[in-house]
Amino acid sequence: MVRTQEARCCGAAVFSPWGWSPPLKARAPLLSSVRGGDRASRLVHLMSHKEGRRLLICPATGHAVNDPVGPFCGDHGARMFSDCPACGSEWSRTWEPRGEKGTDFCAQCGNPAPWLSRTELIQWLKACVQATDLEPAKRRELQEALDRIAELAPDDTKTAAGWDRLRAVAPRVWELAKPVINVLIGEGVRKMLRP
Ligand SMILES: [Zn+2]
Ligand SMILES: [Zn+2]
């Protein structure tokens with residue numbers, strides 16, 4: 001896979017908990033220009049807005065694109081994003097050997113990233129079951145059901161009973177799964193689940 005855009009490093013920005021900001025050296029003159037009047041402060045505002053858009057995340061694999069030339073990833077043709085669609089926070093990022101990428105889950109609300117596979121999403125649901133206050137025996141039962149589901153295809157009708165059980169026993173976990181249900185459960189099985 002050729003990744004033309006992500007290899008480019010802007011080098012002009014530092015990462016802070018508030019997003020991209022100018023390097024420390026550049027910050028002092030920027031701040032002093034705020035005191036220079038309204039026009040200068042508007043300019044600073046525009047610049048910081050632009051700084052905030054300097055890095056987008058591709059939903060195909062999660063790779064980050066520095067200084068994007070347009071809203072779409074040039075390698076995957078997917079519209080890129082910077083904020084979590086569920087909670088609106090800036091999507092958190094991490095480093096891996098191939099470069100910067102979005103984290104697999106929104107650090108603010110736990111929303112799963114669009115590049116996670118069905119297997120990874122089922123692992124996530126298992127972790128969510130683990131975090132519930134259900135009795136240990138019920139948690140184990142649901143996790144084993146999810147393990148069985150992971151081994152079967154999304155449209156295998158043998159998965160229906162496990163999904164129904166998850167919804168009945170851990171409705172809050174089921175709610176978490178809803179936004180990614182198309183990845184988890186084939187259409188035929190979705191029709192079989194109790195309404
Ligand atoms: Zn891409
Ligand atoms: Zn979020």
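1. Start with the H4/H5 pair. Helix H4 (residues 136-151) and helix H5 (residues 160-169) pack with their axes 9 Å apart, at an angle of about 150°. That makes H4 roughly antiparallel to H5, a label used for angles over 145 degrees, with under 35 being roughly parallel, 65 to 115 roughly perpendicular and the rest oblique. Axes here are lines fitted to C-alpha atoms, for helices over the stretch in contact, and angles run from 0 to 180 degrees between N-to-C directions. Helices (H or I, at least four residues) and strands (E, at least two) are DSSP runs, numbered from the N terminus.

2. A word on the model before going on. This is a predicted model, in which local features need pLDDT of at least 70 and side-chain atom pairs count only at pLDDT 80 or more, while totals for chains, interfaces and linings use all residues. Residues are numbered from 1 along each chain as its sequence is written, and chains are lettered from A and ligands numbered from 1 in the order in which they are written.

3. Back to the contact itself. H4 brings Lys138, Leu142, Ala145, Leu146, Arg148 and Ile149, and H5 answers with Gly162, Arg165, Leu166 and Val169; contact means C-beta atoms, placed from the backbone, within 7 Å. By class that is 6 nonpolar, 1 polar and 3 charged residues (Ala, Val, Leu, Ile, Met, Phe, Trp, Tyr, Cys and Pro count as nonpolar, Asp, Glu, Lys and Arg as charged, and the others, Gly among them, as polar).

4. Which residues of H5 are buried? Gly162, Trp163 and Leu166, where buried takes 20 or more other C-beta atoms within 10 Å, exposed 12 or fewer, and partly exposed lies in between.

5. H4 has another partner in helix H3 (residues 118-130): the two pack at an angle of about 175°, with their axes 9 Å apart. H3 and H4 are therefore roughly antiparallel to each other. On the H3 side the contact uses Thr119, Ile122, Leu125, Lys126, Val129 and Gln130, and on the H4 side Arg139, Leu142, Gln143, Leu146, Ile149 and Ala150. The class count is 7 nonpolar, 3 polar and 2 charged residues.

6. Now the loops. Cys106 sits between strand E6 (99-102) and H3, and Cys106 is buried, with 21 other C-beta atoms within 10 Å. Leaving out residues up to four places away in sequence, Cys106 touches Cys84, Ala86, Cys87, Ser89, Trp91, Ser92 and Asn111.

7. Gly88 is in the loop between strand E4 (64-66) and strand E5 (93-96). Gly88 is exposed, with 10 other C-beta atoms within 10 Å. Asp67 lies in the loop between E4 and E5 too, and its phi is near 45°, a positive value in a residue other than glycine. With 14 C-beta neighbours inside 10 Å, Asp67 counts as partly exposed.

8. For the overall picture, the protein chain has 8 helices and 6 strands. Buried residues make up 18% of its 195 residues.

Technical notes
Two residues are in contact if their C-beta atoms, placed from the backbone, lie within 7 Å.
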